[in-house]
Amino acid sequence: EQAEKTLAADFEGRPRAEARARHALGVTWKMLGRYGPAEDHLRRAFELRREQLGPDHLDTLDAMTALAATLKAAGRDGQARPMLEEALRLATARHGPDHRATLNCADTLAMAHLHAAELDRALPLLRETLERRKKTFGAEDPETLQGMYGLGRALLASGDVAGALRLFEETVALQRIHLGPDHRDTMSTTNSLAAAYMAAGDVDRAPPLLEEVMRRARVRYGP
């Protein structure tokens, strides 16, 4: 809030630096659930980078994807999906299908489809992106693990409880080793694993996992 008051003056004549600052502010507001100011900063960051760097520069695509993710989080899927489709097209053409920027665009687009209950579009994209991540960066890469979690969520939403269980169990095991049991991603996947056990009717296995997540979350984040 303090930075916003003098942002325009502080970065006058320095559009790339302004874009970097606005991007950081926008991402911060999004994480805090303040989607209005997040959209304002990320939209301006995107516009500045598109003007200064071009539409398919990595920084421009990063801002474009972050803006679309904010719109999705705010429930505006109809605006987010076309933007993500364009970002994916630009990233693939300029950087190739296996680049992190391309894969991040694809994952964000797939989750937008999932959020809109478009499982027929979400699942193939999540599967393809995950395979590319594993092949290029390995199964232990944090973004690969995040992709496994996303596919598990989509499988659970589609009714493939057994498939979701297998993927969540594998993901939690890898996250505990490579991220640690107290990492936010590990706790999120453990929570989803408990939900999958409940969906499968194996309710006795869920409470210990949920109790563990609550215990670790209280220590890390407070009550």
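This is a predicted model: local features need pLDDT of at least 70, side-chain atom pairs count only at pLDDT 80 or more; totals for chains, interfaces and linings use all residues.
**Nonpolar cores**

In soluble globular proteins, nonpolar side chains tend to be buried together. In this model the largest nonpolar core has 47 residues. Within that core, Leu151 and Leu193 have the most contacts. Leu151, when its neighbours within four places in sequence are left aside, is in contact with Leu123, Leu126, Arg127, Leu130 and Leu167. Another core, of five residues, lies apart from the largest one. Its members include Leu7, Phe11, Ala21 and Leu25.

A search of the whole structure finds 18 salt bridges.

| Pair | N to O distance | Relative accessible areas |
|---|---|---|
| Arg76 and Glu39 | 2.6 Å | Arg76 29%, Glu39 13% |
| Arg121 and Glu85 | 3.4 Å | Arg121 44%, Glu85 33% |
| Asp182 and Arg216 | 2.8 Å | Asp182 36%, Arg216 23% |

The side chains of Arg76 and Glu39 meet in a salt bridge. Arg76 sits in the loop between helix H5 (58-73) and helix H6 (77-95), while Glu39 belongs to helix H4 (residues 35-53), so this pair ties together parts that are 37 residues apart in sequence. Arg76 is partly exposed, whereas Glu39 counts as buried because its relative accessibility of 13% is under the 20% limit.

Arg121 forms a salt bridge with Glu85. Here the link runs between helix H8, which holds Arg121, and helix H6, which holds Glu85, and the two residues are 36 residues apart. Arg121 counts as partly exposed, and Glu85 is partly exposed too.

Asp182 forms a salt bridge with Arg216. Asp182 is found in the loop between helix H10 (161-178) and helix H11 (184-199), and Arg216 in helix H12 (residues 206-221), so the pair ties together parts that are 34 residues apart in sequence. Asp182 is partly exposed, as is Arg216.

Leaving aside neighbours within four places in sequence, Arg133 is in contact with Leu103, Asn104, Asp107, Gly138, Glu143 and Thr144.

**Helices H11 and H12**

Two packed helices are described by the angle between their axes and the distance between the axes. For H11 and H12, the axes come within 9 Å and cross at roughly 155 degrees. Because this angle is over 145 degrees, H11 is roughly antiparallel to H12. The crossing of H11 past H12 is left-handed.

On the H11 side, the contact is made by Arg184, Met187, Thr190, Asn191, Leu193, Ala194, Tyr197 and Met198. On the H12 side, the residues are Ala206, Leu209, Leu210, Val213, Arg216, Ala217, Arg220 and Tyr221. Two of these residues have been met above: Leu193, with Leu151, has the most contacts inside the largest nonpolar core, and Arg216 forms the salt bridge with Asp182.

Key
Residues are numbered from 1 along each chain as its sequence is written. Side-chain values use heavy atoms; hydrogens and water are left out. A nonpolar core is a set of buried Ala, Val, Leu, Ile, Met, Phe, Trp, Tyr and Cys residues joined through side-chain atoms within 4.5 Å. Buried means under 20% relative accessible area, exposed over 50%, partly exposed in between (1.4 Å probe, protein chains only). Contact means heavy atoms within 4.5 Å. A salt bridge is a side-chain nitrogen of Lys or Arg within 4 Å of a carboxyl oxygen of Asp or Glu. Helices (H or I, at least four residues) and strands (E, at least two) are DSSP runs, numbered from the N terminus. Axes are lines fitted to C-alpha atoms, for helices over the stretch in contact, and angles run from 0 to 180 degrees between N-to-C directions. Angles under 35 degrees count as roughly parallel, over 145 as roughly antiparallel, 65 to 115 as roughly perpendicular and the rest as oblique. A crossing is left-handed if the near helix is turned anticlockwise from the far one by less than a right angle, and right-handed if clockwise.
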